[in-house]
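Hi everyone, thanks for making time today. I'd like to walk you through a structure that may be new to you, so please have a look at it with me.

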Amino acid sequence: MDSSVWQVKDRVLVFRSPWVSVIKSLVAPSDTSEIEYYSINLQRGALALVRDDAWRMLLIHRHRFVIDEVGWEIPGGIVEPGEEPIIAAAREVEEETGWRPVNLRPLCSFQPMPSRLMCQHDIFFSTEARYMSGPSTPEESCAIAWKPLDECIELVKRGQVLGSASVIAILYAALIARGDHVDD
């Protein structure tokens, strides 16, 4: 067996809800050892980094009770069964901010913590949005703001941006702004 590939000997569902499942696996990281390993599976997430011509980013200021912190995030949420991630991202932006992104396109996809968590995140990017109305889920945010890219980068440096997807999206925007062609 390739020593870099862990062989899964057994998997058992420990817990399942509509939002999360916990799996206990028996894995063999080598030819001679076996270990019990727990992982968490969450629904797929879709988020959108929306910016305007002045390079201001559409952000939400919200409280996350799980970590009991308030911070800034890009809008996003769970992809519903049968829904395309790009549609989910657009829906979530409008629900959470009242702004409808125009011409969303893929920016990146990633797994936030592949050692223990399976939760595909898809981030989309738009350079235009139309204001439709207030957010349909106002309880989700303390504030909605268009923040200049430099300020967003400072928020990341100070640990005031919550969630890996929001940090990644803002850092991608910084690369794009300096001329890297990561959005091609």
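Let's start at Lys-147, which is buried, because its relative accessible area is 15% and the cut-off for buried is under 20%. This lysine has a charged partner: Lys-147 forms a salt bridge with Glu-151, and their closest N and O atoms are 2.9 Å apart. Glu-151 is partly exposed, at 32% relative accessibility. Please keep in mind throughout that this is a predicted model.

Strand E5, residues 56–64, is joined to E6 by five bridges, and the two run antiparallel. As one example of who faces whom, Arg-62 stands opposite Gly-71 in E6.

Which helix lies across this sheet? Helix H2 spans residues 149–157 and holds both Glu-154 and Lys-157, three residues apart, or about one turn of the helix. Their side chains meet in a salt bridge, at 3.4 Å from N to O. Glu-154 is partly exposed at 34% relative accessibility, while Lys-157 is exposed, with a relative accessible area of 63%.

How many salt bridges does the structure hold? The count is 14. One of them brings together the side chains of Arg-130 and Glu-128, at 3.8 Å from N to O. Both of these residues are partly exposed: Arg-130 has a relative accessible area of 48%, and Glu-128 is at 37%.

Is Glu-96 buried or exposed? At 2% relative accessibility, it counts as buried. Glu-96 lies in helix H1, which covers residues 85–97. Its side chain reaches the backbone nitrogen of Gly-76, at 3.2 Å. Setting aside neighbours within four places in sequence, Glu-96 is in contact with residues including Ile-60, Arg-62, Pro-75, Gly-76 and Ile-144. Others in that set of contacts include Pro-135, Thr-137, Glu-140 and Ser-141.

Gly-76 takes us over to the other sheet I'd like to show you. In E7, Gly-76 is the bridge partner of Leu-47. Strand E4, residues 45–50, is joined to E7 by three bridges, and these strands run antiparallel. The open sheet they belong to has four strands in the order E7-E4-E11-E9, with mixed pairing. At its edges are strand E7 (76–78) and strand E9 (105–110), each pairing on one side only. Neighbouring strands here are turned by 20° against each other on average, again ignoring direction.

What packs on this sheet? Helix H1 does, touching E4, E7, E9 and strand E11 (121–126), and its direction makes about 65° with that of E4. Helix H3, residues 164–177, lies across E4, E9 and E11, running at about 130° to E9.

Let me finish with the cysteines. How many disulfides does a search of the whole structure find? It finds zero. Why is Cys-108 not bonded to another cysteine? The closest cysteine sulfur, in Cys-119, is 13 Å from the sulfur of Cys-108, which is too far for a bond; a disulfide would need the two sulfur atoms within 2.5 Å. Cys-119 is likewise in no disulfide, with the sulfur of Cys-108 as its nearest cysteine sulfur. Both cysteines are buried: Cys-108 has a relative accessible area of 14%, and Cys-119 has one of 5%.

How values were computed
Residues are numbered from 1 along each chain as its sequence is written. This is a predicted model: local features need pLDDT of at least 70, side-chain atom pairs count only at pLDDT 80 or more; totals for chains, interfaces and linings use all residues. Side-chain values use heavy atoms; hydrogens and water are left out. Buried means under 20% relative accessible area, exposed over 50%, partly exposed in between (1.4 Å probe, protein chains only). A polar contact is a pair of N or O atoms within 3.5 Å; within protein, one must be able to donate a hydrogen and the other to accept it, and residues adjacent in sequence count only if both atoms are side-chain atoms. Contact means heavy atoms within 4.5 Å. Two strands pair if DSSP finds at least two bridges between them. Axes are lines fitted to C-alpha atoms, for helices over the stretch in contact, and angles run from 0 to 180 degrees between N-to-C directions. A salt bridge is a side-chain nitrogen of Lys or Arg within 4 Å of a carboxyl oxygen of Asp or Glu.
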